[in-house]
Amino acid sequence: MTENFNLFKPLARVQCALIATIFVASGAVSAQNITMASTTSTEQSGLFGHLMPEFKKASGLDVKVVALGTGQALDMARRGDADVLFVHDQAAEEKFVADGWGVKRYPVMYNDFILIGPKDDPAGVRGTGGKDIVQALQKLASGNGSFVSRGDKSGTHAAELRYWALAGADAAKPSKGSGYKECGCGMGPALNIAASSNAYVLADRGTWLNFKNRADLAVLVEGDTRLFNQYGVMVVNPAKHPHAKAQDAQKFVDWVVSLAGQQAIAGYKIGGEQLFFPNALR
């Protein structure tokens, strides 16, 4: 019996060594990945499909992108479920850092919001000169025009609510007209709903340029300085979440605000039109 037991000892040692090797290897693989909480606009515009291969070539790191509304992305990071944030609600981002959840906020790039609607423009928002978002929303509200709101606490939704407030509409739906509806969805689905229901919708230009199901929709209001849309990037604070891969997350931040990262952003175009404009180096 003792002899049989001794025969198994070397085999047990080999098995333990193999298990230890597997754990070390899996740890090494895990260390090569970071999780980014970002917005549906950056993901659905196709930007990350363009950027991430370039970042991996520069760093060897893979990035798992979880696309949510900005508010949900910030909540995800507060829970410690992300290593880095790439979002577009500057006031909320600055509060995130001030509250200690993020290390530092870096501006990365910008584009703009646009008001999309039916080409025949039944609400007459083009009568505002096509450049006044506040007057356009006032016309929509007074005429009970069909309007699809993201309603998802995203950066786009936050901007939309600011514009409605400037137009004199409070948080109550009736003040925005009977045609106002919330979908609680991302930018792509909101555009699809608008296309199928002949409705108006506030969108970021990047997602619109990459949107294929336009039906009878067109850009009706653009160029208002209030439609400026800034994006920022932040590492989740390891003091709050020690398991966060802060060093690898910082490598992404350093790259995306570097000349190489900024050139990669500028190089992303659809039909020859640039979707995002880097401004980290200004």
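Visitor: How many aromatic pairs does a search of the whole structure find?
Guide: The model is a predicted one. A search across the whole structure gives an aromatic pair count of 13.

Visitor: Which geometry, stacked, tilted or edge-to-face, do the rings of F147 and W164 have?
Guide: The ring centres of F147 and W164 are 5.5 Å apart, and the planes meet at 85 degrees. Planes over 60 degrees apart fall in one class. The pair F147 and W164 is therefore edge-to-face.

Visitor: How many residues apart in sequence are the parts that F147 and W164 tie together?
Guide: F147 belongs to strand β5 (residues 147–149), while W164 belongs to helix α7 (residues 155–166). The pair therefore links parts whose separation in sequence, in residues, is 17.

Visitor: Is W164 buried or exposed?
Guide: The cut-off for buried is under 20% relative accessible area. W164 has a relative accessible area of 1%. W164 is therefore buried.

Visitor: What is the relative accessibility of F147?
Guide: F147 also counts as buried. Its relative accessibility is 2%.

Visitor: Where does F276, the partner of Y231, lie?
Guide: The rings of Y231 and F276 have centres 5.6 Å apart and planes at 85 degrees, so this pair is edge-to-face. Y231 is in strand β9 (residues 228–236). F276 is in the loop between β11 (273–274) and β12 (277–278).

Visitor: Which residue lies over the face of W101?
Guide: The distance to the ring centre of W101 is 4.4 Å. The residue over that face is K240.

Key: Residues are numbered from 1 along each chain as its sequence is written. This is a predicted model: local features need pLDDT of at least 70, side-chain atom pairs count only at pLDDT 80 or more; totals for chains, interfaces and linings use all residues. Side-chain values use heavy atoms; hydrogens and water are left out. Rings of Phe, Tyr and Trp (its six-membered ring) pair if their centres lie within 6.5 Å; planes under 30 degrees apart count as stacked, over 60 as edge-to-face and the rest as tilted. Helices (H or I, at least four residues) and strands (E, at least two) are DSSP runs, numbered from the N terminus. Buried means under 20% relative accessible area, exposed over 50%, partly exposed in between (1.4 Å probe, protein chains only). A charge sits over a ring if NZ of Lys or CZ of Arg is within 6 Å of the ring centre and within 35 degrees of the ring normal.
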